[in-house]
Amino acid sequence: MFFAHRYWFVAFVGLLIVALTACSGGNATPTATPTQAAAAPTRTPRPTRPPEPTATPRPSPPAASTQSGQLALVDIGPLVTYRHASGVFRIDVPNNWTLQDNSSPDELLLIWTDPTGNGAILVNIFEDNRSFTDRQLVNLLNTFLADRFGNQPDFLYEDPRPQNDGSQLVVWSYTATADNNLKVTLLGNSFVEQRGNKVSILTTLVPDEQFDTLRNQTDDIINTYAIDPSATLGSTTIGGGNTSGGSLAPVEIGQLRTYSHPSGVFSIDLPVNWTLTDSSRPGELIMVWTDPTNNAVIIVDVLEDRTQYSDDQLVDKLVAYLVNLFGNQPDFFYEDPRPQNDGSILLVWGYTSTASNNVQASMLGNSFIEQRGNKVAVLTTLVPEEQFDTLIDKTNAIINTYRINPDARVP
């Protein structure tokens, strides 16, 4: 399980997310395949010159180390293609990395972190109708880096390196300190480019001492990054995604593996090829898994609440929850509640989605609400209605593994 090695980088990622001024994350949702790919950038070595920024250093998060005093090696699993719901970009990412989506309506901000917490991939894209020169793009990137990391000890960045695909690379680094006082240099490679009205920053961040070992694998990731300048950032409707002929691509449910939340609040068996977006906040877990086609999701939402609710009150809460999330979608509906043998209550609901090629797709959701101790929990599956019967055995197998621990505390 990837929770066994959550070292310093979990704290660093928290800093990264806050520093990048992100809003609460949006759900990963179905998309059409981008039509134009950015050419493959190339990696370059670590910085060698003195730092340019003069910001005062501040304490950095602790760094992850093994019992031997060395950093745990960044864990890069098999790559799977992630396609953003808007269709703006795609990238191959390790199937064992965790996604944090902190996008806003006018800016994408997605961060993947490896199981050890010692490596990260970041994609930041916004729209701007101005045409920037290479120097202006580099200035945007340097300001971005200095504003977010300039106060870290030994922060520095190199002169830009023009890439064959037209992007500009800036290599940067800073020093982090582990809880055992081990000093660790973190090495970032950030590529800035403009494609149409899209300004993009793609970043990889790994320990400097592991750069050479990981270089081929990180290059493989970087070279899959593709931007579609014709797509619009705001297109994020679930079910508007990959198509095959005149229908949605079949949902891909791989082998199941048990996911246990680090808090111990819940566990569930999930497909190993699905991508996790964790948008949790204090007192509430909000976890969204998306299949590789981006045409199906599983959502777990668990809230600490000591109020004891009747079944009718729980149904009212579930209806309000669904209306808030999906009520503005075309043809949104929900059926009468259906009590379940385990004490939960099922609400069947759905809406109509339009794919990028104007295919109309009916999406069908099953949401179960229950109260266990001081936990109010909603488990949701959402799949194309035309595929529901084909998928029901597999989705039932997932649903039936869901377990809540009422004695654990939601962080």
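Which residue in E11 is the bridge partner of Phe-89? The bridge partner of Phe-89 in E11 is Ile-227.

## Basis of the model

This is a predicted model, in which local features need pLDDT of at least 70 and side-chain atom pairs count only at pLDDT 80 or more, while totals for chains, interfaces and linings use all residues. Residues are numbered from 1 along each chain as its sequence is written, and side-chain values use heavy atoms, with hydrogens and water left out.

## The three-stranded sheet

Strands (E, DSSP runs of at least two residues) and helices (H or I, at least four) are numbered from the N terminus. Three strands, in the order E1-E2-E11, make up an open sheet with antiparallel pairing; two strands pair if DSSP finds at least two bridges between them. Strand E1 (79-83) and strand E11 (226-227) are the edge strands, each pairing on one side only. Strand E2 (residues 89-94) is joined to E11 by two bridges.

## Nonpolar cores

A nonpolar core is a set of buried Ala, Val, Leu, Ile, Met, Phe, Trp, Tyr and Cys residues joined through side-chain atoms within 4.5 Å; buried means under 20% relative accessible area, exposed over 50%, and partly exposed in between (1.4 Å probe, protein chains only). The largest core has 31 residues, and Phe-266, Trp-289, Val-302 and Tyr-402 have the most contacts inside it. Helix H5 gives the most to this core, with four residues. Apart from it lies another core of 29 residues, including Leu-99 and Leu-233.

## Glu-284

Glu-284 lies in strand E17 (residues 284-290) and counts as buried because its relative accessibility is 11%.
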